[in-house]
2 protein chains.
Amino acid sequence: MSLTSPNVLALSGGVGGAKLAVGLRDVLPSEALTVVVNTGDDFDHLGLRICPDMDTLMYTLSGLANATVGWGQEGETWQFLNAMKRLGGETWFGLGDRDLATHVMRTRMLAEGESLSAVTAKLMRQLGVEVAVFPMTDDSVATEIECQSGDILAFQHYFVRDRCEPKISGVRFKGIAEAKLAPEFEALLDADALSSIVVCPSNPFVSVAPILELADSWLKLKAMNCPVVLVSPIVGGEALKGPAAKMMQELALPSTALAVAEFYHQRYPGLVDGFVLDEIDANAAAEVAALGMEPLITGTVMKSAEDKQALAKDVLAFSESLAQ
Amino acid sequence: MSLTSPNVLALSGGVGGAKLAVGLRDVLPSEALTVVVNTGDDFDHLGLRICPDMDTLMYTLSGLANATVGWGQEGETWQFLNAMKRLGGETWFGLGDRDLATHVMRTRMLAEGESLSAVTAKLMRQLGVEVAVFPMTDDSVATEIECQSGDILAFQHYFVRDRCEPKISGVRFKGIAEAKLAPEFEALLDADALSSIVVCPSNPFVSVAPILELADSWLKLKAMNCPVVLVSPIVGGEALKGPAAKMMQELALPSTALAVAEFYHQRYPGLVDGFVLDEIDANAAAEVAALGMEPLITGTVMKSAEDKQALAKDVLAFSESLAQ
């Protein structure tokens, strides 16, 4: 491998993954990066197919994202939702007026028989996104939250409607046994020509696990001739975005970066070669190393474009060092 | 019949019909008015079921309508349409952000198996519309424009996308032979308990004809024990809204109120008992009378609420006089 011909695969959930994807996009030639995105959060709402993680990637990579809230578009308006309320419709999921165009376009193209991969490629192209971004699958995989109450909640009902309030006992992925990898994802795995695999700082249980467990892709990723580097989504005991830390507590795991490393070590043994820790978690480095993962300590909190680029460079250099 | 227990059926297309419907609503007890609306303009667009005439009725009766342009909602915004343009989607049909909620709700309810009548009743109720408003049918009837070029255009393609520019040679209603009257419309016809039937000032060819020709409803309306009063949609040689006058010219008819009366006389002989002419067309009264229709000359241009109420009162008093 050489930095003159990188070929990087990033696995991503929503907000955190999208930030690192932007960093990687900024520091790599556009043809050198492919992002494969979790679709377990996707759902049908008001007759529309909604792909929250993919839309976060799309809006972030195209510069349309609302950086403050981490979802939707900057300057979004809410006339549709106000009108839905007046009509007695469901309003718990925040569908902005601009965002709606994405869902209406996608739903119509899917109904016409196009694959989610093809729809995604078209939408990304229209918004000027030059890196390759694909869903993990064109089939339906639905993340469901098993609650301590015994209830089973569709992910967005748990995440948005119920604001992550129910205590969880587990997570399952409906349809994952029958789902196939998206063709582009499968082709990447079959070609084995990657220089680096980056697991973005995304929720291990609901963002990364669906990708890794789909068709046991993690076994293929593990067997590939390149390093797998994972960036911890837990920094200083907290998730920067989303319910990862709360989930860990409810699953009787410490909400620490080390516990994330242990989770991957147990569930996907031998997959992760390098584990990127934030400076605040430097004291976990020795224990991470004891799990057989090389630790890298660096700043992982991405606020500015420079933060994203710096982390991307660190991750790529780390990966290169592991490949030697 | 007595004014203390009126039972009025109004047949309506879009803008002109909606105005008179508001007038009738204002001067009648709410339980005394039923409006049956043309659905021939309805179409599927971007995966959404859109009912332009019904929506015009709904927005007008609920006070949400944009009175300036005659369609859509007052204060409507266009973020969705801007975003669709960016995504390379179709933007020729003006779907406002608020308006979209109507189409999304309706499409979802129809997909769940509810009838258009039931969906309409729910949406009207949510918006506080107290009079009964029903589609002419719950089935699909699609108005198609036969062009002099030989092209056949779906109505909204002709009307909105092509701005009524193609010259027409005829109009046809796809599916009308198989379509059934909406249950509420059929029940009204069967009960024969109406005090008055009002044909609103709507386009004869594309707004009123679909209603009258659906299951030959005009024969039942004609046979009913009450007057049928029609308000001319042509005033001073022009349609106040829409392409009626242009269509008449292309169909080799003079674009006059008298030609409207002649059209009804020939196509639905004996249906219309009273024909309401604007004062500007007073000179046609004798010729209208010669067709066997009683003429009424009054102001028919409805700009203010008072105009609408005055015309509604005139029409109802005229009908009462014809019933005696």
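This is a predicted model: local features need pLDDT of at least 70, side-chain atom pairs count only at pLDDT 80 or more; totals for chains, interfaces and linings use all residues.
Chain A contains 13 helices and 14 strands. Its radius of gyration is 19 Å, close to the 20 Å that the globule rule gives for 324 residues, so chain A is as compact as a globular protein of that length. Taken along the principal axes, the C-alpha atoms of chain A fill a box of roughly 60 × 45 × 40 Å. Of the 324 residues in this chain, 52% count as buried. Among the contacts of chain A that join residues at least 6 apart in sequence, 66% link residues that are at least 24 apart.

From the single chain one can turn to the place where the two chains meet. Here 24 residues of chain A are in contact with 24 residues of chain B. On the chain A side, helix H3 (79–86), helix H4 (97–111) and helix H5 (116–126) each supply at least two of the residues that touch chain B. The largest share of that side comes from H4(A), with 10 residues. Sorted by class, the side of chain A that touches chain B has 12 nonpolar, eight polar and four charged residues.

Two packed helices are described by the angle between their axes and the distance between the axes. In the pair formed by helix H4 (residues 97–111) and helix H5 (residues 116–126) of chain B, the axes come within 10 Å and cross at roughly 140°. Because angles over 145 degrees are needed for a roughly antiparallel pair, this value makes H4(B) oblique to H5(B). The crossing of H4(B) and H5(B) is right-handed. H4(B) contributes B:Thr102, B:Met105, B:Arg106, B:Met109 and B:Leu110 to the contact, while H5(B) contributes B:Leu116, B:Val119 and B:Leu123. By class, this contact has six nonpolar residues, one polar residue and one charged residue.

The other pair in chain B brings together helix H1 (residues 15–27) and helix H13 (residues 305–323), which pack at an angle of about 75° with their axes 7 Å apart. That angle makes H1(B) roughly perpendicular to H13(B). From H1(B) the contact draws on B:Lys19, B:Leu20, B:Val22, B:Gly23, B:Leu24, B:Asp26 and B:Val27, and from H13(B) it draws on B:Ala305, B:Lys308, B:Gln309, B:Leu311, B:Ala312, B:Lys313 and B:Leu316. In terms of class, the contact of H1(B) with H13(B) has eight nonpolar, two polar and four charged residues.

Individual residues of chain A can now be placed in this picture. A:Leu33 lies in strand E2 (residues 33–37) of chain A, and because 24 other C-beta atoms lie within 10 Å, A:Leu33 is buried. Not counting residues up to four places away in sequence, A:Leu33 touches A:Val8, A:Ala10, A:Leu24, A:Arg25, A:Leu28 and A:Val131. A:Leu33 and A:Leu194 are 161 residues apart in sequence, yet 9.7 Å apart in space, C-alpha to C-alpha.

A:Ala215, by comparison, is found in the loop between helix H8 (204–213) and helix H9 (217–223) of chain A. A:Ala215 counts as partly exposed because it has 18 C-beta neighbours inside 10 Å, where burial would call for 20 or more. Leaving aside neighbours within four places in sequence, A:Ala215 is in contact with A:Lys180 and A:Leu181. The C-alpha atoms of A:Ala215 and A:Ala177, which are 38 residues apart along the chain, are separated by 7.2 Å.

The last two residues are of interest for their backbone. Most residues other than glycine have a negative phi. A:Asp192, although not a glycine, has a positive phi of about 50°. A:Asp192 is found in the loop between helix H7 (183–191) and strand E9 (196–199) of chain A, and with 11 C-beta neighbours inside 10 Å it counts as exposed. In chain B, the phi of B:Cys164 is near 60°, again a positive value in a residue other than glycine. B:Cys164 is found in the loop between helix H6 (155–161) and strand E8 (168–174) of chain B, and its 14 C-beta neighbours inside 10 Å make B:Cys164 partly exposed.

Definitions and conventions
Residues are numbered from 1 along each chain as its sequence is written. Chains are lettered from A and ligands numbered from 1 in the order in which they are written. Axes are lines fitted to C-alpha atoms, for helices over the stretch in contact, and angles run from 0 to 180 degrees between N-to-C directions. Helices (H or I, at least four residues) and strands (E, at least two) are DSSP runs, numbered from the N terminus. Angles under 35 degrees count as roughly parallel, over 145 as roughly antiparallel, 65 to 115 as roughly perpendicular and the rest as oblique. A crossing is left-handed if the near helix is turned anticlockwise from the far one by less than a right angle, and right-handed if clockwise. Two residues are in contact if their C-beta atoms, placed from the backbone, lie within 7 Å. Ala, Val, Leu, Ile, Met, Phe, Trp, Tyr, Cys and Pro count as nonpolar, Asp, Glu, Lys and Arg as charged, and the others, Gly among them, as polar. The radius of gyration is taken over C-alpha atoms; the globule rule is 2.2 Å times the number of residues to the power 0.38. A residue is buried if 20 or more other C-beta atoms lie within 10 Å of its own, exposed if 12 or fewer, and partly exposed in between; C-beta atoms are placed from the backbone.
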